[in-house]
Amino acid sequence: MNILHQIVRDTAVLVRQRRSTVSAGELARCAREAPATRSLRYALAKGAMSIIAEIKRASPSKGPIRPHTSAATIAEQYEEAGASAISVLTEPTYFGGALKDLRTSRRSCALPLLRKDFIIDPYQILEARVHGADAVLLIAAVLDVGQMQELHAAASELSLDCLVEVYALEEIDEIDFDAVTILGVNNRDLRTFQVDIGHSLRVFAEVPDEVVRVSESGIHSADQLTTLEEGGVDAVLIGESLMAAEHPGHALASLIQRSG
């Protein structure tokens, strides 16, 4: 069993535990009363290269990065530095995240928030909406076509955008581009955690022009941003390099300045 399968298996256990504490019906009632969402797609499709800055305490490949950080503080720093949106990792076991990080980030900034997790159940879509997310990540490598359609529809019903992530080129064939408007390509193979920045450009060459294109993982330099922008990428998702810096907000501001 590779690490991706292990994370998905453990996520299924966590979802069952949380559902036994708070029912889907209770979450649905709360979701109906939640404030309006902010459009991730609009935030990323403004013409210039956009940055989704990530709140990430740890990872399976790097271990602890910033384990005791305040999500609210980092969200404030990212917004002030010029991020277009914020990704909040909520997976607890391997990435040190929590749903409360969505809530505190929502209170401290006005940017669209992406719940980044291993979404495998509509229950998690309800959680995302209730806890303050504006969008959710759906990973093609862990979902079959039916699951992807079900989760995408559930998110749409709750006015949540979906960032659909692929890695393997053949996963593109299973994406419904009539529904999917934001596509992320992960430069890190989630089965081996090897990174190749050029992978995004090779996959995006097979994607319809109207789709918002997000390159994810392994991005840390202004030169990389330039290469990706010249290759037609609309946005990048950056986490580890910012969170490992002494001051994540200053690191982001410096990167934006050097790439501009």
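**Close-up 1. Glu76 in helix H4 of the predicted model.** Glu76 is partly exposed, with a relative accessible area of 43%, where partly exposed lies between buried, under 20%, and exposed, over 50% (1.4 Å probe, protein chains only). Glu76 has its place in helix H4, residues 71-81, and helices (H or I, at least four residues) and strands (E, at least two) are DSSP runs numbered from the N terminus. Between the C-alpha atoms of Glu76 and Val22, which are 54 residues apart along the chain, the separation is 30 Å. Residues are numbered from 1 along each chain as its sequence is written, and side-chain values use heavy atoms, with hydrogens and water left out. Since this is a predicted model, local features need pLDDT of at least 70 and side-chain atom pairs count only at pLDDT 80 or more, whereas totals for chains, interfaces and linings use all residues.

**Close-up 2. Helix H8 and its buried residues.** Helix H8, residues 145-157, has 13 residues and reaches 18 Å from its first C-alpha to its last, close to the 18 Å expected at 1.5 Å a residue, a span taken as 1.5 Å times one less than the number of residues. Met148, Leu151, His152, Ala154 and Ala155 of H8 are buried. They cover an arc of only 160 degrees around the axis, which puts them on the same side of H8; the arc is that of the directions from the helix axis to the C-beta atoms. Helix H7 (122-130), strand E6 (135-139) and strand E7 (161-166) are among the elements that cover these buried residues.

**Close-up 3. The two ends of H8.** At the start of H8, a side-chain oxygen of Asp144 comes to within 3.1 Å of the backbone nitrogen of Gly146. After H8 comes Ser159, whose phi is positive, near 65 degrees.

**Close-up 4. Asn187 in a loop.** Asn187 lies in the loop between strand E8 (182-186) and helix H9 (198-204), and Asn187 is buried, with a relative accessible area of 0%. Leaving aside neighbours within four places in sequence, the residues in contact with Asn187 (heavy atoms within 4.5 Å) include Tyr167, Gln194, Asp196, His199, Ser215, Glu216 and Ile219.

Methods: Polar contact = N/O pair within 3.5 Å; in protein donor to acceptor, adjacent residues only side chain to side chain.
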